Each structure stands twice: as structure tokens, then as C-alpha cells.
Amino acid sequence: MKRAVHSRRAKRPETRELSKEQTRAALIAAAMKLFGRRGLDGPSLDEICALAGYTRGAFYVHFRDREDLIVAVMERTRGRMLDIMIASGHDALDLELTVKFFAEAVAAGAYPPKAGVVRLHHFLDACARSSHIRERHVALVGDAQARLASATREAQAAGRVRADVGDESVAMLLIAVVMGVEMMLEFGYPFDVRAGAATLLRLLGAK
């Protein structure tokens, strides 16, 4: 009886695509872990590939260079943090809940996440050095602002946020607050995030 011969060429397209996605995900996860420990410039590409279990050849199938990998890590990291920051599910557009949700995440130590997360100042330094990274970071902030502006409009329609403030302006203010909170956490500056959230909601007119 002949033994079955398995060839990479025989893989179905969806199987190949899944394999490619898994390889890319493994490289990003390895980079997140090493970048989180040693900064964006610390680990070599060889170290990242070795931790992921792939070769440099596999790396260049998915990423043009180190900058491209940093952008992918930034998208994954900031996306996770955005999901923590903004309430999801059926309450996703409740601005009051979103502000309280964020404050509780900070108070509980869940924001920013500790494991496999690159520190904000490393990303800001990378943005200062690379227009490609900066443009992607700006786009991610824009996405966050759009989600918060949508939540603001919903809250205004429900009469829980004052109607004489612009939804985009409120969203921009909230983004600035979040980035300020991140910087204060990095400095180890003591502050009462719950009290700050309550004050912000009073200023916006939320009940």
C-alpha cells in the first residue's frame, strides 16, 4: 500500500491563508513580548523570529522591514487598549459608561495592560523618527476619536450630555485625557482617576 504524500502545493487556498495568518500572528506576538521588555530597538529581528519559531525568510513574507513590524505591533497593542478604554457590546455608545469603564480599568490596573504591551513613550519616540509609523498612529487615534464622537452623539440624543458642545471636540478632549492619564501612569504620578472621571462627567452634563 502506497503511503500518502503530502505536499505544500496540495494545500487548499484557505489552508494556506490560515497558515500565513498564524505565521504573521506569531511574529507579532513575539515582537510584542520582546518590545515590551526591551523597547522597540532592543531585540534583533533574528531574536524575534527565533521566539516566534520562524526564519528571517518567513519574516520578509509578511513585513517589509522593522518599521512595518512596529506598525503591526502598534495596531495590535493600541487596538487592544482602545477596546479596554471604550465600552463594548450593547452599551458601546453610552458615553457615561465609557468614561466610567475607562476609569475603573485604570483604577484596577487593567489599563494600560501589563503583559506584552509596548510603553507609550516608545511608540511616541518611533513616531518622531518615522513618518510611516506616525501616520499610522494618527490614523489609530482618528479611529478612537470617531468611536468616541459617536458615543457622544448618542448621549446627546438621550439628553445625558449637554447639547451645546461638539461631538468631535468632546471626543478630542477624551483622547487627550486618556493620553495624559497614560503619561501620568508612566511617571508614577498619584491621582484619583475615579474622581477625575466624575468631574469630567459633571462638566459634560452627564447624569
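Which residues does aspartate 68 touch, not counting residues up to four places away in sequence? They are His62, Phe63 and His132. This is a predicted model.

**Aspartate 68**
- Aspartate 68 sits in helix 4, which spans residues 66–85.
- Its relative accessibility is 14%, so aspartate 68 counts as buried; the cut-off for buried is under 20%.
- A polar atom of the aspartate 68 side chain lies 3.1 Å from the backbone nitrogen of arginine 64.

**Helix 5 against helix 8**
- Helix 5 covers residues 95–107 and helix 8 covers residues 167–187.
- Their axes come within 12 Å and cross at roughly 5 degrees.
- Helix 5 is therefore roughly parallel to helix 8, as angles under 35 degrees count as roughly parallel.
- Helix 5 contributes Leu95, Val99, Phe102 and Val106 to the contact.
- Helix 8 contributes Val170, Leu174, Val178, Val181 and Leu185.
- By class, this contact has nine nonpolar residues, with no polar and no charged ones.

**Cysteines**
- Cysteine 49 has a relative accessible area of 2%, so cysteine 49 is buried.
- Cysteine 127 is buried too, with a relative accessible area of 7%.
- A disulfide is a covalent bond between the sulfur atoms of two cysteines.
- Searching the whole structure turns up zero disulfides.

Key
Residues numbered from 1 in each chain as written. Predicted model: local features only at pLDDT ≥ 70, side-chain atom pairs only at ≥ 80, totals over all residues. Heavy atoms only, no water. Axes fitted to C-alpha atoms, helices over the stretch in contact; angles between N-to-C directions. Helix = DSSP H or I, 4+ residues; strand = E, 2+ residues; numbered from the N terminus. Parallel < 35°, antiparallel > 145°, perpendicular 65-115°, else oblique. Contact = heavy atoms within 4.5 Å. Nonpolar A, V, L, I, M, F, W, Y, C, P; charged D, E, K, R; others polar. Buried < 20%, exposed > 50% of the residue type's maximum accessible area, 1.4 Å probe, protein only. Polar contact = N/O pair within 3.5 Å; in protein donor to acceptor, adjacent residues only side chain to side chain. Disulfide = S-S within 2.5 Å.
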